[in-house]
Amino acid sequence: MENTGQSTIFKFGIDDATRQNFSELAQWAKVNAILAFVSMGMSLLTIIVASMKFFDSLDAYTAGTLVGGMIGKQLVVWIISLVLNIILHNAGKNIQRALVNNDQRVFNIGLNQLARYFKIIGIIFIVSITLVLLIFIIAVTVTIFNG
Amino acid sequence: MEDFEMGCLDTLDLEIDGEITASLSQASKWAKFISILIFCFCGLLLLILLIGSRSANFLNGFNSRLQQSGSLVKLNNIPLFIAVVIVAVIIVIVVYYFLFNFSRKVKLAIIAESTDQLNKGLGALKIYFIIYAAFGILGIGISAFSLFKLF
C-alpha cells in the first residue's frame, strides 16, 4: 500500500501532522476557555464596582435589590458560559493528555467533549431562535387583537 | 505493507477509530449548523439595515430608542453607522467561515478517509479558536479599561 496523501484514516495511526494539529487545537481550546473564565470574572467585578460607585446615595435595601437584579439577569448567561467553557477546557486537556500518553480512551473522551461543546452551542441557538419567534408571534398577536 | 503499518502503530498508538469518527462527525454537523445560522443572521441584519436606512424615520427611531435605554450616545451619521455594522458583519462572516470550513473538510475526511482533509479541517478550527481568543483578549482589555475608569 502506497502512503499517498489520501491514506485511509481507519487503518493507520495518527501521523505527525495530525498529532501537531490536534495538539495546537487543544491548546487554543484551553486558551479560549480560560479567557472566557477571566471575562466572566471581569464582568462580575465590574457589576460589583459599578454598583458600589453609583448606589452610594441609595439605602442598603434598594442598592441590594438593584445589584441582585443585575447579577440575576447575568446569572443565566454565566451558568451557560461556565458549563460550555468547562467542557471546552476539559476537551483541550484530555486531547493534550492523550497525545502525551498515547491514551486512546482519553483521546476519545476529549473529542467527544469537543463534539458536545458544539452540540450545546447548537441547541442554545435553536432555543434562542424559538424564543425570539415566540416573542415575535405573541407581539404580533397582541397588536392585532388590540386593534 | 504490514511492516509500515506496525511501525506506525508502534510509535504512534493513537488511531482515528469508529468512536472518534462519530465524535468528529457530530462536531462537524453542529459546526455547520451554527455557521450557516450565523451567515443567515448576518444576511438578515444587512438586509434590515439597508432597507431601514432608506426610511426617513430610521435615524429618529434609533435615537429615541438609544435615549430610552439611557444611552448618552446619539447617532448622527447613518453612513458611518452602516459602515461600522458592515465591517462587523464581515468580521463575523470571516470567523465563522473557518468553522464552516472545519465542518466541510472533516466531513470530506470522513467520507474519503483522508488524513489530508482532516488536517485541513483541524487547521481551520484552530484558526477559528485563535481569532476567537484574539477577540476575547480585546474584550477583556476593554472591560479592564472600563473597570479602571470606574475607580
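1. Before we start, one term: a helix axis here is a line fitted to C-alpha atoms over the stretch in contact, and the angle between two axes runs from 0 to 180 degrees between their N-to-C directions. Keep in mind too that this is a predicted model.

2. With that in hand, look at chain B. Helix H2 (residues 18-53) of chain B and helix H4 (residues 78-112) of chain B have axes that come within 8 Å and cross at roughly 160°. Angles over 145 count as roughly antiparallel, so H2(B) and H4(B) are roughly antiparallel to each other. As for handedness, their crossing is left-handed. The residues of this contact between H2(B) and H4(B) split into 21 nonpolar, six polar and two charged.

3. Stay in chain B and find B:Leu118, which sits in helix H5 (residues 115-150) of chain B. Is B:Leu118 buried or exposed? A residue needs 20 or more other C-beta atoms within 10 Å to be called buried; B:Leu118 has 25 C-beta neighbours inside 10 Å, so it counts as buried. Check B:Lys105 as well: B:Leu118 and B:Lys105 are 13 residues apart along the chain, and their C-alpha atoms are separated by 6.3 Å.

4. Now for how the two chains meet. On one side 48 residues of chain A are in contact with 45 residues of chain B. Which elements give two or more residues to chain A's side? They are helix H1 (16-54) and helix H3 (104-145) of chain A. H1(A) provides the largest share, 22 residues. By type, the residues on chain A's side are 26 nonpolar, 16 polar and six charged.

Technical notes. Residues are numbered from 1 along each chain as its sequence is written. Chains are lettered from A and ligands numbered from 1 in the order in which they are written. This is a predicted model: local features need pLDDT of at least 70, side-chain atom pairs count only at pLDDT 80 or more; totals for chains, interfaces and linings use all residues. Helices (H or I, at least four residues) and strands (E, at least two) are DSSP runs, numbered from the N terminus. Angles under 35 degrees count as roughly parallel, over 145 as roughly antiparallel, 65 to 115 as roughly perpendicular and the rest as oblique. A crossing is left-handed if the near helix is turned anticlockwise from the far one by less than a right angle, and right-handed if clockwise. Ala, Val, Leu, Ile, Met, Phe, Trp, Tyr, Cys and Pro count as nonpolar, Asp, Glu, Lys and Arg as charged, and the others, Gly among them, as polar. Two residues are in contact if their C-beta atoms, placed from the backbone, lie within 7 Å. A residue is buried if 20 or more other C-beta atoms lie within 10 Å of its own, exposed if 12 or fewer, and partly exposed in between; C-beta atoms are placed from the backbone.
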